[in-house]
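Subject: Structure handover

Hello,

Here is the structure I said I would pass on. Please open it alongside this message; my notes follow below.

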Amino acid sequence: MKWAPVAETGRRTMSFQVTGLGLDKMKLGSPQSFLDQEEAEEAEDGQLLEPEAWRTYLEHRNALREFLSSALSPHLLKRHHARMELLKKCSYYIEILPKHLALGDQNPLVLPSTMFQLIDPWKFQRMKKVGTAQTKIQLLLLGDLLEQLDCGRAELDALLESPDPRPFLAGWGLVGQRLAELSAVMDSFLAMMVPGRLHIKHRLVSDVGATKIPHIRLMLSTKMPVMFDRKESVAHQDWVSLRWFVTVQPAAPEQFELRFKLLDPRTQQECTQCGIIPVAACTFDIRNLLPNRSYKFTVKRAESYTLVHEPWRDSLTLETRPRPPKGPAPSRLGRPGPPLTTPPER
């Protein structure tokens, strides 16, 4: 920190300018100005308590500040809100695994297709309904836990800004209990962010005589949402070029379902300007569209036998370009017409 003298302007007092901390425009004219407003308030509050009680108050206050700036910081809560919004757009699937495999190890070599042949289809459909319900409940619980963290942060902020230290000090036991509760809520929130195991009440594999019944388990897995690339998706006069992506690239190629429809059709014939297109890539061109009209496009993964919940699909509206204006006939373009004359008088 450097102190640089500032020229006097009509007063006989010496002022200083703070440099080196980005405070070059702050002028300080008295010793009290060296304390910020919060330190000045703490100095006044210290007169309300005995020295020992005042030290205890400062310790508790600093502990609360540390908790709010680390375990429950605004930046951390903002990140959790963003992750929550992402989870609401994800697709959820049932994964069938042998008990000795971890989630993500399934592939045709490790998990043969005969596994599905041994599972009773009717019982598996029941488990898909259980998976759908468990996913919805899990998302609702995550939203509730996040709301508890937001409310707890607001409560502790208000307590920290209380001007009287005596109620703060007297109620510190409840404050400590509240900190423990919010820490437990945060732990539950983080643990629930990862889809867990499905609880099986009945055997999925029917009796197959002497065949050895495999030991399997069901897990919920998540796939990141499919979203349009809004910079690369463009409309032309009578066709559009669409691009989409997945934030986490899958290990194997995926199938997608692309839908389109004309907005506000004006005739019965225009009502046929719609369709569903299966696509095995992340790009597709749709042609034979009407110029100067608005179309809505949606994209999602193709239906899968193991899909249990897909609450969201991305949509995009594009307007095709109008036709170019019609000019003069080509035969007369650029050629001057015959001169206008009047017949001679007789």
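Leaving aside neighbours within four places in sequence, which residues is Leu72 in contact with? They are Phe67, Leu77, Leu149, Gly152, Arg153, Leu182 and Met186. Please keep in mind that this is a predicted model.

Nonpolar cores

Leu72 belongs to the largest nonpolar core, which has 39 residues. Together with Ile94 and Leu149, Leu72 is among the residues with the most contacts inside that core. Two or more residues each come from α2, α3 (74–89), β4 (91–98), α5 (121–160), α7 (172–192) and β5 (216–223). The biggest share is that of α5, which gives nine residues. Another core lies apart from this one and has 20 residues, including Phe228, Ala235, Phe260 and Tyr295. As general background, nonpolar side chains in soluble globular proteins tend to be buried together.

Aromatic pairs

How many aromatic pairs does a search of the whole structure find? It finds seven. One of them joins Tyr57 and Phe168 edge-to-face, with 5.3 Å centre to centre and 85° between the planes. This pair links distant parts of the chain: Tyr57 is in helix α2 (residues 51–69) and Phe168 is in helix α6 (residues 165–170), 111 residues apart. Tyr57 counts as buried because its relative accessibility is 2%, and Phe168 is likewise buried, at 3%.

Tyr295 and Phe297 make a stacked pair, 6.3 Å centre to centre and with 25° between the planes. Tyr295 has a relative accessibility of 0% and so counts as buried; Phe297 is also buried, at 0%.

Ring pairs also build a cluster, whose members are Trp54, Tyr57, Phe168 and Trp172.

Cysteines

The structure holds zero disulfides. A disulfide is a covalent bond between the sulfur atoms of two cysteines.

Regards

Terms used:
Residues are numbered from 1 along each chain as its sequence is written. This is a predicted model: local features need pLDDT of at least 70, side-chain atom pairs count only at pLDDT 80 or more; totals for chains, interfaces and linings use all residues. Side-chain values use heavy atoms; hydrogens and water are left out. A disulfide is a pair of cysteine sulfur atoms within 2.5 Å. Rings of Phe, Tyr and Trp (its six-membered ring) pair if their centres lie within 6.5 Å; planes under 30 degrees apart count as stacked, over 60 as edge-to-face and the rest as tilted. Helices (H or I, at least four residues) and strands (E, at least two) are DSSP runs, numbered from the N terminus. Buried means under 20% relative accessible area, exposed over 50%, partly exposed in between (1.4 Å probe, protein chains only). A nonpolar core is a set of buried Ala, Val, Leu, Ile, Met, Phe, Trp, Tyr and Cys residues joined through side-chain atoms within 4.5 Å. Contact means heavy atoms within 4.5 Å.
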